[in-house]
Amino acid sequence: MNNYFDDNNNEMSECSPTRVMPIITEIHHTKDEDPVVDENGKMSVAMLALRDMVLFPGMTMPVAVGREKSLKVVREASKKHQRIGVFCQIDRATEDPGQKDLYNYGTLAEIIKVIEMPDGSVNVILQGRVGLCLDEVTETVPYLKGTVSLTEEIKLPNRDTEFKVLISSITEVTFNMLANMGDSGRELAFAMKNIDNSYYLINFLATNVQFDPEKKQAMLEERNMKKRGYMLYSYLRQEAQFVEIKAEIQSRTREDISQQQREHFLQQQIRTIQEELGAAGGDDIDVLENRALKKKWSDKTNEQFQKELRKLERLNPQSPDYAVQFAYLDNFLNLPWLEYSKDNFDLKKVEKKLDKDHYGLDDVKNRILEHLSVLKLRGDLKAPIICLYGPPGVGKTSLGRSVAEALNRKYARISLGGLHDEAEIRGHRRTYIGAMPGRIIDAMIKSGTSNPVIVLDEIDKVGKDYKGDPSNALLEVLDPEQNNKFHDNYLDVDYDLSKVLFIATANSLATISQPLLDRMEIIEISGYIQEEKLEIAKRHLIPKQLEQNGFDPKEVKFSNQAVSKVIDLYTRESGVRELEKKIAKVLRKIARLKAYGDEYPTTVKPDMVSDYLGPKTFTHDIYEGNDYAGVVTGLAWTAVGGEILFVESSLSKGKDGKLSLTGNLGDVMKESAAIAMQYIKAHCEELGISMDTINSHNVHIHVPEGAVPKDGPSAGVTMVTSLVSSFTQRKVRNKLAMTGEITLRGKVLPVGGIKEKILAAKRSGITDIILCEENRKDIEDIKPVYLEGVTFHYVKTIADVLDFALLDEKVKNALTL
């Protein structure tokens, strides 16, 4: 049902779906005075604003008046027998409308009668006379008054066949629509049969059929009656379809209610028969109730369970809904709720366990021990959210299991790689077929406690599509301030995740959203150095592969030199996965000899490695001496560890002093070369180099291994040293390497990857390393055992670098420049 509203936003009496029947009268002349029309065809009229009502010429309409301004204009116009302009408001909520709040087109109307109701309200009966166009609102006090122009309706010749067919179509579609409405449409159908004026019929239906005010206003503004008829026909067809669909829905609803009542009656009889026969449905409910008695949960959780259990009791065991509800309650009971494992607070044993399982990774171990220490002192603490970030194969994932065992907690792992559906985290609503809880709740069920260690593996590889963004759902999971009330769509009950120790792993932080990064403690795990790989192989990889390949624990041994040879010449990685594969390959070769009954070695020595693994895969960089001017050893960081690189420079006669760069260098490295060259030009006198020499020679800088891309600012000091050596023909200090960024002012800036670079230098036989003064702190963080045999020289300026790096002695066969 629809209701009329008066112009004071008060609800009037209910009307039929087509709207309240208006008063239908023939247009007749009254004693009301027409407004005076000036020489421009304009006149001034008092105005009445209506809410959601549009008055058409020739139509009579009752209106309930409530606003003060509206009452004044109605009473004064009725008293003076004056016609008024009636305009519809654009927004019905506007209480005091102005010109911008009214449609520009309205109707000049006569006040047929003003009725004072017993309750104090006022009703007025208006009859539309002719269309108006609002030019300007001239007064707003005590009521609206404005200047308007008359707009006559454009009518057609009586012989217009198309118009007659249009009227016939309008009549037909209206009667069909009213037939679908039943009794509520009979009154309007009766009124239509007594209308023989086609133009009056158009305005009559535009007024009485339930259209939006915007559509009514659009028809009023169309002065051509034929075009208005086409608009009416279009709107009537839309309304007819709506009424037809509505009638069909009501019919189906009656049938569904009748069917539901029948099914309910039959189910009640089936339940009675089942109770007499002792059906199995009651057994399921008893089992669930007995399990619930043993659960540790809050009163609120128990109340929710009992509510869902009552739903199950009302269902027929043969109904599909019964299986869905039973599965939900089964998952509800499988959750650990308030069940917790007891943490191991023997910190020394925990530390010993972590050291035994993983070599290195001191930052992670320290963070776990700190958490346990505070938990031991306080007794209750929200678990930290840790993200281990580093290259593949360094032990990020396996560390989670080790932490769980050390803390005496349960362990669960959730692989997030390739996940692109938010429901995988939050679960599916039970309204969907095959709904199930999300992976977080599923991990809690599998672990059996509410304080497990959960590893969120490959969190940087979470995807997103039209199904949502799982990383947004993880914001709630990984926020200590929110996860005590984690909401799973399937469970539909808040669950406490604040005691869970989440350990996320990632290879790159670039693909993780910033809000998610803010919620985690980022701990970087850099690649293992050669010494660490050697220890890991001896402690973990070799024993593990001996067992997997059918050997006793000490049946086959590897010498340190053999393992080092495998690391240097057969692997090139940050982690130890490839190293483990090579060790497994060696042991498989030996296992084959043993299985054949042949003699097999019990110790793998360096000279045997190539027999088992074939030719070496990688070459090992060795320091090449200082016999040539312009050749300087630099240090580089790669994803698989540190390396040394050689920067070579040479001079050739030329007129423009051109600088050439080769060796597959990146933009940053090219800029370092340009800075080095410019520094030499600016300080040539201090360096003992004449400007004529610089301008008369072309310079070529090359970094060997051109197939390997190289970039970064850390070769700046190496390039400037190489160039000065070429221009002065002075020797570079023997077994010296360097790394550092340079500026045009001659400053040396710090760089990263110091630990890996130092180890690469040691492997290559370097004894002296030049570093920026600000890198001293990085050296202090490295264990002394890795620094033995290397002397560090800290510098602040390029002048410091050159003073130490270049000897006064010139190279043999020095060029004369």
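User: Which residues form one aromatic cluster here?

Analyst: Two rings of Phe, Tyr or Trp (its six-membered ring) pair if their centres lie within 6.5 Å; planes under 30 degrees apart count as stacked, over 60 as edge-to-face and the rest as tilted. Here Trp 297, Phe 305, Tyr 328, Phe 332, Trp 337, Tyr 490 and Tyr 495 form one aromatic cluster. This is a predicted model, in which local features need pLDDT of at least 70 and side-chain atom pairs count only at pLDDT 80 or more, while totals for chains, interfaces and linings use all residues. Residues are numbered from 1 along each chain as its sequence is written, and side-chain values use heavy atoms, with hydrogens and water left out.

User: How many aromatic pairs are there by this rule, and why is the pair of Phe 305 and Phe 332 tilted?

Analyst: The count comes to 11 aromatic pairs. For Phe 305 and Phe 332, the ring centres are 6.0 Å apart and the planes stand at 35°, so the pair is tilted. Phe 305 belongs to helix 8 (residues 299-313) and Phe 332 to helix 9 (residues 320-334), so the pair links distant parts of the chain, 27 residues apart. Helices (H or I, at least four residues) and strands (E, at least two) are DSSP runs, numbered from the N terminus.

User: Which charged end sits over the ring of Tyr 328?

Analyst: A charge sits over a ring if NZ of Lys or CZ of Arg is within 6 Å of the ring centre and within 35 degrees of the ring normal. Over Tyr 328 sits the charged end of Arg 430, 3.7 Å from the ring centre. Another case is Arg 733, with its charged end over the ring of Phe 804 and 4.2 Å from the centre.

User: What is Tyr 786 in contact with, leaving aside neighbours within four places in sequence?

Analyst: Contact means heavy atoms within 4.5 Å. With those neighbours left aside, the partners of Tyr 786 include Tyr 359, Ile 529, Glu 531 and Lys 762. Tyr 786 and Lys 762 are 24 residues apart in sequence, with 8.7 Å from C-alpha to C-alpha. Tyr 786 lies in the loop between helix 26 (776-780) and strand 27 (791-795), and counts as buried at 6% relative accessibility.

User: Where is Asn 408 found?

Analyst: Asn 408 is in the loop between helix 12 (396-407) and strand 10 (411-415). Asn 408 is partly exposed, with a relative accessible area of 48%. Beyond neighbours within four places in sequence, Asn 408 touches Ser 341, Lys 342 and Asn 344. Glu 422 is 14 residues from Asn 408 along the chain, and their C-alpha atoms are separated by 31 Å.

User: What does the secondary structure of the chain come to?

Analyst: The chain has 27 helices and 28 strands, and 47% of its 817 residues count as buried.

User: What is the mean pLDDT of the chain?

Analyst: pLDDT is the predictor's confidence in each residue, from 0 to 100. The mean is 84, and 90% of the residues reach 70 or more. Over residues 1-30 the pLDDT is below 50, and this stretch has 87 contacts in the model beyond near neighbours in sequence. Where pLDDT is low, the predicted coordinates should not be read in detail.

Conventions:
Buried means under 20% relative accessible area, exposed over 50%, partly exposed in between (1.4 Å probe, protein chains only).
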